[in-house]
Amino acid sequence: CPDLHPPKYVQLPLSSSPSPPLKGGQEAFAPLGLNAGAFYALSTLLNRMVIWHYPGEEVNAGRIGLTIVIAGMLGAVISGIWLDRSKTYKETTLVVYFMTLVGMVVYTFTLNLGHLWVVFITAGTMGFFMTGYLPLGFEFAVELTYPESEGISSGLLNISAQVFGIIFTISQGQIIDNYGTKPGNIFLCLFLTLGAALTAFIKPDLRRQKANKETPENKLQEEEEESNTSKVPTAVSEDHL
């Protein structure tokens, strides 16, 4: 006789359902956006601020911008090397962020001293830390958002940076036009202070580092290293006899 029993359905495991995007790490987006936005605004309005206090120094204004870029490249390389060796993501990010704030404050209160060489030094120092923070912020955010794609994390971080950059550039430009350069730079200092405070409260959940340690290849390598260090030589070569 024909089988009249209803067909059996196999229940799929719950883990097969699509996971929601970005399970964590969103707290790193705002600090990086604030830092990058301040850098974009500062770079855009640098020529206006320098000429405001040093009329006729258009060429040196461009040289100051070049100094910021070169110092930033050096800072990015050094911070990247240090981060790769130390793996201290939150500590390094927080220190560089704080030094960015210090550099911005010093630049703000030395811009109108009348000494152009001072502006070169303060702007270069600020660029060293401000641009040097960017690769640190990206790496830290990727660690926090793992196992999400690095492309998704980088895209969202870039959106955050561009949005803050547009807001800061327009706002600081209006403040400079109405009140001067110092209030405009203090405006950026306030948001950099906020970004440093937000960075201090980020929980350093380094998911990618934990996942790399748990891979079979790394476990096997660690076991081999432990076995090699535990071996004691039992024979003496003939040369030493």
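Predicted model: local features only at pLDDT ≥ 70, side-chain atom pairs only at ≥ 80, totals over all residues.
The expected span of a helix is 1.5 Å times one less than its number of residues.

View 1. Helix α5 comprises 30 residues, and its first and last C-alpha atoms are 42 Å apart, close to the 44 Å expected at 1.5 Å a residue.

**View 2. Buried residues of α5 and their cover****.** The buried positions of this helix are Ser153, Leu157, Ser160, Ala161, Gly165, Phe168, Gln172, Gly173, Ile175 and Ile176. Elements covering the buried residues of α5 include α1, α4 and α6.

View 3. In the model, residues 156-176 are 100% helix and 0% strand, with end C-alpha atoms 30 Å apart. Residues 182-202 are 90% helix and 0% strand, and the end C-alpha atoms of that span lie 31 Å apart.

**View 4. The largest nonpolar core****.** This core contains 48 residues, and Ile64, Met104 and Tyr107 have the most contacts inside it. At least two core residues come from each of α1 (29-53), α2 (58-86), α3 (89-110), α4 (116-145), α5 (150-179) and α6 (181-200).

**View 5. Surroundings of Tyr107****.** When neighbours within four places in sequence are left aside, Tyr107 is in contact with Leu42, Leu46, Met49, Val119, Thr122, Ala123, Met126 and Asn185. Tyr107 is also among the residues with the most contacts inside the largest nonpolar core.

How values were computed. Residues numbered from 1 in each chain as written. Heavy atoms only, no water. Helix = DSSP H or I, 4+ residues; strand = E, 2+ residues; numbered from the N terminus. Core = buried A, V, L, I, M, F, W, Y, C linked by side-chain atoms within 4.5 Å. Buried < 20%, exposed > 50% of the residue type's maximum accessible area, 1.4 Å probe, protein only. Contact = heavy atoms within 4.5 Å.
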